[in-house]
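Please follow the account below with the sequence and the three-dimensional view side by side.

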Amino acid sequence: MTGLLAAATSAADKRAAFRAGLASGHLQRLPGAFNPLVARLIQEIGFEGVYVSGAVVSADLALPDIGLTTLTEVSERGRQIARVTDLPVLIDADTGFGEPMNAARTVSILEDAGIAGCHLEDQVNPKRCGHLDGKTVVPTEEMVRRLRAAVSARRDPNFVICARTDAAAIEGIDAAIERAEAYATAGADLIFTEALHTVADFEKFRAAVPIPLLANMTEFGKSDLVPAATLERIGYNAVIYPVSALRLAMHAAEAGLREIFDKGTQSGLLDRMQHRSRLYELLRYERYGEFDSRVFDFTPGRNQ
């Protein structure tokens, strides 16, 4: 039964593993999961963690990433994903869903959901996608208050609070570095600088900021797609691939649905589909049957 209906690893142990991973000297790779089944696949392949993107939660609800989702929607998706994986889950908490008090409540709700860490950003609320133009950031002092509130609400000291700054695209890299230093002083465990452009930008940030750093390798955005080996060589501690799985899935789904519409059959698509047997393997279907059999074979006194 262990690990069947829920992860075999406790939330506390997953948080400790995330902390240890960030300090290990090895890059922690966290692809984005748009549902729990994808999170299980990420674990099976061998990644170090799972990411839950705010942009993906929004897109899954057919909404743009402009701060329309609620804490309830985001935390519930995080809970569903964290429940099925033994990997630590890092979640996008946008601007904390309101004022500093809201950021504090966000941390407590995400802890209860079994999440290993979250990132809070310094954009004005409502936010915009980090790789689009037209963003606005709050004053450093306001973000510091947001972070201090979040840190004060943390009950498990291993829950990772990551500070995301969008200032590089607005105020320049030097200003973003100054903000990162202030955010680290406020208690952030990890810094996420959004929309850096080149390897040189990542190197400059690494040289200036002493605490763990996270890189965002999202497609079709501002940043070059820097290989994981290069990020590890530079000294980055974590990398997220937030929308990759959703983009792959939606591209395949659209192509397949158009072919069904045009040809009236899916017969030409079978070699592009996940087979039923592979789906059942990911779902651990046989283990549910074994468990069901053990329950129905139970007789009082025999199996005690």
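In this predicted model, Asn-216 has Ile-240 of strand 8 as its bridge partner. The bridge belongs to the pairing of strand 7 (residues 213-216) with strand 8, which is parallel and extends over three bridges.

Within strand 8, Val-239 is the bridge partner of Arg-29.

These pairings can now be placed in the sheet as a whole. The sheet is open and has eight strands, arranged in the order 1-8-7-6-5-4-3-2 with parallel pairing. Its edges are formed by strand 1 (28-31) and strand 2 (50-52), each of which pairs on one side only. From one strand to the next, the twist averages 25 degrees.

Elsewhere in the order, strand 3 (residues 89-92) pairs with strand 4 (residues 117-121), in the parallel sense and over three bridges. In this part of the sheet, Leu-90 stands opposite Gly-117 of strand 4.

Helix 4 (residues 71-84) lies across strand 2 and strand 3, and runs at about 165 degrees to strand 3. Helix 6 (residues 140-153) lies across strand 4 and strand 5 (160-165), and its direction is at about 170 degrees to strand 5.

Helix 6 also has a helical partner. Helix 5 (residues 100-112) packs with helix 6 at an angle of about 35 degrees, the axes being 7 Å apart. The crossing of helix 5 with helix 6 is right-handed. Helix 5 contributes Pro-100, Ala-103, Ala-104, Val-107 and Glu-111 to the contact, while helix 6 contributes Arg-145, Arg-146, Ala-149, Ala-150 and Ala-153. By class, this contact of helix 5 with helix 6 comprises seven nonpolar and three charged residues, with no polar ones.

A further pair consists of helix 8 (residues 173-185) and helix 9 (residues 199-208), which pack at an angle of about 35 degrees with axes 10 Å apart. Their crossing is likewise right-handed. On the side of helix 8, the residues in contact are Ile-173, Asp-174, Ala-176, Ile-177, Ala-180 and Glu-181; they meet Asp-201, Lys-204, Phe-205 and Ala-208 of helix 9. Six residues of the contact between helix 8 and helix 9 are nonpolar and four are charged, and none is polar.

Leu-37, Arg-40, Leu-41 and Glu-44 of helix 2 meet Arg-278, Leu-279, Leu-282 and Leu-283 of helix 12. The contact of helix 2 with helix 12 contains five nonpolar and three charged residues, but no polar residues.

How values were computed:
Residues are numbered from 1 along each chain as its sequence is written. This is a predicted model: local features need pLDDT of at least 70, side-chain atom pairs count only at pLDDT 80 or more; totals for chains, interfaces and linings use all residues. Side-chain values use heavy atoms; hydrogens and water are left out. Contact means heavy atoms within 4.5 Å. Helices (H or I, at least four residues) and strands (E, at least two) are DSSP runs, numbered from the N terminus. Ala, Val, Leu, Ile, Met, Phe, Trp, Tyr, Cys and Pro count as nonpolar, Asp, Glu, Lys and Arg as charged, and the others, Gly among them, as polar. Two strands pair if DSSP finds at least two bridges between them. Axes are lines fitted to C-alpha atoms, for helices over the stretch in contact, and angles run from 0 to 180 degrees between N-to-C directions. A crossing is left-handed if the near helix is turned anticlockwise from the far one by less than a right angle, and right-handed if clockwise.
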